[in-house]
Amino acid sequence: MRQVLDRRIVFVGGKGGVGKTTTASALALMAAEAGRRVLIVSMDPAHSLGDIFGVDIGNKEVVLADNLWGLEIDPDAEAEEHIRTVKASMKRLVLPKMYKEVDRQLDLAQEAPGTVEAAVLERMSELMSDAVNRFDLVVFDTAPTGHTIRLLSLPEIMAAWSDGMLNHQDRSRRLGEVLKALGGRSQTKEDEFGMIGGGKDDEDPRTTRINEILLARRRKFHRARELLTDAETTVFVLVINAERLPILESKKALAVLTKFDVPVSAMVVNRLLPDDAEGEFIRERRVQEREYRDEIDREFSALRRVHVPLLPHDVHGIDTLRRIGRILVPAEA
């Protein structure tokens with residue numbers, strides 16, 4: 001785990017309820033207490049980061065401890081801001097009489113599948129590029145595994161979409177040139193949308209602006225993709241419980257992350273029964289747990305694994321996080 005904290009970006013993920021936020025918070029605290037400037041970002045819609053630290057956080061950076069800041073991304077607010085920004089860009093490219101239709105179409109788009117994920121990805125991409133310039137380490141407490149996998153696959157998808165739109169712009173421009181050469185009617189600046197290219201000249205400011213927007217978006221997603229797959233910069237830590245469903249979900253997550261070349265370096269096996277726990281019920285649970293621990297060792301043998309015991313009380317406050325952190329990152333001899 002000490003090697004994990006040597007990276008600049010750490011993603012902590014796993015099935016809902018396995019202890020991702022606790023793990024991410026403890027790792028961030030250990031790095032901060034070692035003297036690094038750390039930002040921890042919660043991407044889970046059901047935020048619990050503020051609850052663990054006992055601080056109201058929200059969609060802004062808040063001091064949690066010395067050298068440690070926290071931020072909770074609000075997916076719905078990100079989607080609303082994303083749509084607002086797109087509306088503003090679109091209205092600079094169309095005639096005023098089309099404003100109402102732009103609003104209607106984009107209000108519908110806000111409810112479309114993938115809009116929220118795309119907006120969160122855009123914010124995550126910005127944080128990955130910007131925050132690493134201001135912090136030594138950025139820790140992302142991710143949403144449950146399924147959401148995270150879709151999110152991490154979006155840079156490739158959105159970059160391909162942006163490339164496709166740019167190619168469409170170029171084809172449309174060349175088609176306009178051909179029509180003009182043949183004496184046909186080409187698109188003029190009086191058209192309602194004027195968004196396809198091939199206007200009266202190659203310097204149509206609307207076409208230029210569209211290209212600028214698409215190129216900026218493509219660069220942003222390409223940069224996110226580069227950072228996600230750079231093993232010297234980024235690492236993904238899986239959190240798991242010794243139970244059937246978390247094991248199954250983690251196997252799927254590892255396969256997908258590997259497919260997208262996201263470096264997965266470590267696994268935290270969380271909430272294990274303490275060795276000194278007693279009683280018939282505990283003994284039976286321990287037999288089952290041992291079977292699942294053996295399965296975890298077999299299925300995830302390539303990952304460094306850290307075992308964290310179940311605590312007798314809820315995780316809350318700096319002292320408890322420090323206790324867990326010292327299990328995750330033991331003091332050097």
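How many aromatic pairs does the structure hold? The structure holds 3 aromatic pairs, where rings of Phe, Tyr and Trp (its six-membered ring) pair if their centres lie within 6.5 Å, and planes under 30 degrees apart count as stacked, over 60 as edge-to-face and the rest as tilted. This is a predicted model, in which local features need pLDDT of at least 70 and side-chain atom pairs count only at pLDDT 80 or more, while totals for chains, interfaces and linings use all residues. Residues are numbered from 1 along each chain as its sequence is written, and side-chain values use heavy atoms, with hydrogens and water left out.

Select Phe-11 and Phe-236: their ring centres are 6.1 Å apart with the planes at 10°, so this pair is stacked. Phe-11 belongs to strand E1 (residues 9-14) and Phe-236 to strand E6 (residues 234-241), 225 residues apart; strands are DSSP runs of E with at least two residues, helices are runs of H or I with at least four, and both are numbered from the N terminus. Phe-11 is buried, at a relative accessible area of 1%, where buried means under 20%, exposed over 50% and partly exposed in between (1.4 Å probe, protein chains only).

Next, select Trp-69 and Phe-135, an edge-to-face pair with 5.5 Å from centre to centre and 65° between the planes. Phe-135 is buried at 2% relative accessibility.

Finally, go to Thr-23 in helix H1 (residues 20-33), which is buried with a relative accessible area of 2%. Leaving aside neighbours within four places in sequence, Thr-23 is in contact (heavy atoms within 4.5 Å) with Val-12, Val-239, Val-268 and Leu-328.
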